[in-house]
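Please keep the sequence and the 3D view open while reading.

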Amino acid sequence: MRLIRPQIHVTRNAQGNINLLGLAAAVSPAAGATQPVSSGGDQPIALNIETVYIEQGTIHWSDALAQPVAELTINDLNVTLAHISLGQPMDVEVSAAVES
């Protein structure tokens, strides 16, 4: 998988809530769930991704909890994630330029 020039906007409001945390809650198992996700058979779903590339990405961070509001931009974000599998370590390479 290759993502080219993604633009990610991350914000923290004055109450301390970060906008991307809602995404994590949407994909998390229900509270109290103890059964692994299943593909319908007896085996849990396997996740094996060889490599994910993010090229020339940008992350915009805005923090309204800080006063005055803090703004930060990470440009030229290049990330390589390799050997992605549930419950296993993966290889990560990152390079970027930070502007405030």
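At 40% relative accessibility, Gln 56 counts as partly exposed, a class that lies between buried (under 20% relative accessible area) and exposed (over 50%), as computed with a 1.4 Å probe on protein chains only. Gln 56 is found in strand 3, and although Gln 56 is not a glycine, its phi is positive, at about 55°. Arg 5 likewise is a residue other than glycine with a positive phi, near 55°; Arg 5 sits in the loop between strand 1 (2-4) and strand 2 (7-12) and is exposed, with a relative accessible area of 54%.

The model is a predicted one, in which local features need pLDDT of at least 70 and side-chain atom pairs count only at pLDDT 80 or more, while totals for chains, interfaces and linings use all residues. Residues are numbered from 1 along each chain as its sequence is written, and side-chain values use heavy atoms, with hydrogens and water left out.

**Strands and turns**

The secondary structure comes to one helix and five strands, which follow the pattern β-β-α-β-β-β along the sequence; helices (H or I, at least four residues) and strands (E, at least two) are DSSP runs numbered from the N terminus. Strand 3 (residues 48-63) and strand 4 (residues 70-85) run antiparallel and are joined by 12 bridges, where pairing requires that DSSP find at least two bridges between two strands. Within this pair, Gly 57 has Leu 77 in strand 4 as its bridge partner, and the two strands form a hairpin with six residues between them. Pro 68 lies in the loop between strand 3 and strand 4, and the peptide bond leading from Gln 67 to Pro 68 is cis, with omega near 0°.

Strand 4 also pairs with strand 5 (residues 91-99), in the antiparallel sense and over eight bridges, with Asn 75 standing opposite Ala 97 in strand 5. Strand 4 and strand 5 form a hairpin with five residues between them, and Gly 87 in the turn has a positive phi of about 75°.

Leaving aside neighbours within four places in sequence, Leu 65 is in contact (heavy atoms within 4.5 Å) with Arg 12, Asn 13, Ala 14 and Gly 16. The C-alpha atoms of Leu 65 and Asn 17, which are 48 residues apart along the chain, are separated by 9.0 Å.

A search of the whole structure finds two salt bridges, each defined as a side-chain nitrogen of Lys or Arg within 4 Å of a carboxyl oxygen of Asp or Glu.

| Salt bridge | Closest N and O atoms |
|---|---|
| Arg 2 with Glu 55 | 2.2 Å |
| Asp 63 with Arg 12 | 2.4 Å |

Asp 63 lies in strand 3 and Arg 12 in strand 2, so this pair ties together parts that are 51 residues apart in sequence. Asp 63 counts as buried at 7% relative accessibility, whereas Arg 12 is partly exposed at 25%.

**The whole chain**

Of the 100 residues, 15% count as buried. Residues 24 or more positions apart account for 50% of the contacts with a separation of 6 or more. The protein exposes about 7,500 Å², of which carbon and sulfur atoms supply 58%, with areas computed by the Shrake-Rupley method with a 1.4 Å probe.
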